Structure formats: C-alpha cells, structure tokens
Amino acid sequence: MEPMAGGWMSAAHSMGTTILAVEYDEGVILGADSRTTTGVYVANRASDKITQLTDNVYICRSGSAADTQVVSDYVRYFLNQHTIQLGKEATVKTAANLVKELAYQNKSFLQAGMIVAGWDKYDGGSVYGIPLGGTLLRLPFSSGGSGSSYLYGFLDQAWRPNMSKDEAERFVVKSIALAIARDGASGGVVRTVTVNAHGVERNFFAGDKLPLFHEEISPGRNPLLA
Amino acid sequence: MGSVVRCDRYPYVTGSSVLGIKYKDGILLASDTAGCYGSTVRYKSVERLKRIGDNTILGASGEISDFQAITNLLDELITEDWMWDDGNKLGPFEIHNYLNRVMYNRRNKFDPLWNSLVLGGIKKGKKYLGMVSMIGVHFQDNHVATGFGNHLARPIFRDEWKEDMTLEEGVKLLEKCLLVLFYRDRSAINKFQMANVTEGGITITEPFALKVNWELEAFRNPTKGAEGSW
C-alpha cells in the first residue's frame, strides 16, 4: 500500500480497532484501543470508542466511525425517552435489542460491529455481542474489531468466569495490548470502563503502564549516549 | 422514498448443516452449535434449533441474524394463534406453509432471508418433516439436510434410514452423520444439539460432544513410501 497515494486523504474514517467486554463477578468491564484511521493515516490517536448509552449501559464501537456514532446517538436518544416513560433505569437487554434492531434492519448500509455491556438489577452484569449483520448474542465475554483476530487463542486459554475486578481489568488491558502489538489498525492507549451496582469507573492505560511483549523494548537512553 | 431493491446481501455470521429424520415416535433434528464469521469459528455456543409452539421444532443454517428474525416472527404467530383461544393450534404443516410464503416473498424482492430451514413436527399422530430454502424451494421427506449435510449425510440416510426406527436407532444414525460432518466440514465443531418432538412434547438437548477417531494406522505416517505426497 503506497502511503503517498492520495487515497488516505479521502478515505472514510474507520476504527480498525480492538474492542472487548467481559463479565466479572460484580459486573462488566469494557476495553478498547484508541486508534482511528483514514486509510493508512492515523486520524485520531486518542479516540474514545467506549460510548455511554445510559448511566448503566455502555457500548464498544468498531467498524465505520460514522455508522457507529449514528447508531449510538439514536439508541441513546431512544433509551433516554424510554427511561423517562419507564420510570426506572433501562436494562442492558433493552439497550442491546435497540442496537440490534438498528444494525439488523439497516444491514445493507452499515458497517458496524458493536458490543453492548452494562449492569442492571435483573441480570447483573451482561455482555451482548452484535457483529456485522445484526445477530444478537449474550455471552460471558465478547471481542471485536480487526485486532480481535489476534486474541481468539489468548481468550480461549486465559478467560475464566467470576474473576475479581482487578483480575478482570488486568485481563482486559493485557488482551487489548496484545492486539495492539500485532494489529496495525489498533494502537494508542487502552481505555477501560467498569460498570457494576456501585456505578461506573473509567480508566486509562498508556505508555509504560502497558505490558511489553515479544521483541518490544521499554524506552530508555540512546545507546550512543549511554 | 420508494422501496429500494436490495441486491447486495451477504451472510456474515453463519451456521452450518442441520439434519432431520422421521422415526417411530416423531421427528429428530440435529445441528452443531457453531456460528462462523467467514473462515473463523467465532461463536461456539449458538443455538440453531428452536421450539415453535407445542408440536414443532425448527432448525436453521445460514445467517444467524435472519434466523433470529424468523424465530421472532414465528413467536408472534404462535402467540396470536394462542390468543384466539379457539381450541385450534397451528401445526407443523401450517408453519411450513407460512415460512414458505415468507421466504419466497423475500426472494421475489431480491432481499432474501439467508437461511435453509428444517421444520419437523407431529400433530394428531401425523408426522411432518420438511425443508424451506432461502429462495422458497420447499418439500417434505423422511430425511432432510441443509448445506454440506446434503452431500455427506443424505447418502447415509438413503442407505440406512428405515420406517419406524426407535429413538436409539434414530439418534445413532444422526450421530454417525454429525461425526462425518465434523471430520469433513470446516465450519463444523464437535459440539452438537439434538431436538426431539413426539406427541408427548418437545425436548432440546443441552450441547454434547461425540467421540472422535483418529486411530487409523494410515494416519500415523500417511506419506510413507511417497515422501512429499499428502
């Protein structure tokens, strides 16, 4: 791919991306990288791909940046009205079904792979995967985006049910970092959002806070000047 | 905005073969629980067999989101039927006809539901087993299969299926075919479900796995005497 060819100056914003959401003993943790690309250019190196739908439900977005932004905006709007009418907080299942409905009914137009996750008092922590096509699947954990290809083996081997908050967060950060290490379309920082009965907590892992893997080295003084 | 002709549909998350046979007491359906995303086995616990009302079971291969939409439609149909409260309940033949209409009409709009459906049921002693495809081709038979199952399982059915098999015989026959599909279909995994419908009701099993056999002598050193071959 020729970096100097004009294609990247006009290409659509795509979030190559690695996204992940896992259930842990008290709720859910959502994780994502922060790279948005237009072709080969990194348009935004600090994007936030974990978007709020309600106080207790969040969505991870991958695929077309525009498509997922519009879908999230619509669903946030619907849930806002729904919460007012209902008189109590919306459930994760409702939020996920709304996202699914938009994704399925507009499947010919959209390029959006999303994960809806959150906490409500009926089902506790729930994770719903909504891949291309608009299939809805409730799962103990779900990954998405181009970087997720590099994680199937790791997740199969390392995931366990009922992890503690710290274990689960380390698991999510390690996974996203592994994907960033190999996927050119994923990069930047690792953002996490933890949702449980007590509320929501956002976290940010960058630079030396991220684990290093095979053939990666930590920053240091130039060898010539040592 | 008028109705747009959509000709750019492709499946994303897909299920592989579904098998169905008639036996003495009713119908047996079988499928694996894989949801594939192209060549990746992305989801390994997808339920592709569903109960419809009290006397019908439905299995689907193809796009999972479309199968979920069909299941929703049928749930609404069954609920409305129940609300009539007229002593009558939709049976498998009626559901077959309904599904055929749905699939064929979508095909005519160039916007198909990308599934091959296997429907089985028994009502008032009359057994039914049939198939509806994404283009509206539909038929009934003593044994049916979708996708790869047509090539691998149907020949075995033609050889070994017989009228009035017991439950054990039916299950053994299906398991034999499921194993062949696991060996030879790249979209298949060793995790299956079976559904059984009789006058007594519907059972859909929890997922189970089959014993596989790799202990053929020739597998140990397949290129012996012909290095470089496979």
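This is a predicted model: local features need pLDDT of at least 70, side-chain atom pairs count only at pLDDT 80 or more; totals for chains, interfaces and linings use all residues.
1. Local features here require pLDDT of at least 70, and side-chain atom pairs pLDDT 80 or more, whereas totals for chains, interfaces and linings use all residues. Residues are numbered from 1 along each chain as its sequence is written, chains are lettered from A in the order in which they are written, and side-chain values use heavy atoms, without hydrogens or water.

2. In chain A, an open antiparallel sheet has five strands in the order β11-β2-β3-β12-β13 (strands are DSSP E runs of at least two residues, helices H or I runs of at least four, numbered from the N terminus; pairing requires at least two DSSP bridges). Because β11 (141–144) and β13 (199–205) of chain A are edge strands with a single partner each, one side of each lacks a neighbour in the sheet.

3. Strands β2 (residues 19–24) and β3 (residues 27–32) of chain A are joined antiparallel by six bridges. A:Tyr24 has A:Gly27 of β3(A) as its bridge partner.

4. Chains A and B bury about 1500 Å² between them, 55% of it on carbon and sulfur atoms (accessible area lost on being put together, 1.4 Å probe, summed over both parts). On the chain A side, A:Tyr104, A:Lys107 and A:Leu132 lose the most area to chain B, together 32% of what that side buries.

5. Two salt bridges are counted between chain A and chain B (a Lys or Arg side-chain nitrogen within 4 Å of an Asp or Glu carboxyl oxygen). B:Lys44 and A:Asp156 form a salt bridge through their side chains, at 3.9 Å from N to O.

Note on methods: Buried area is the accessible area (1.4 Å probe) that two parts lose on being put together, summed over both.
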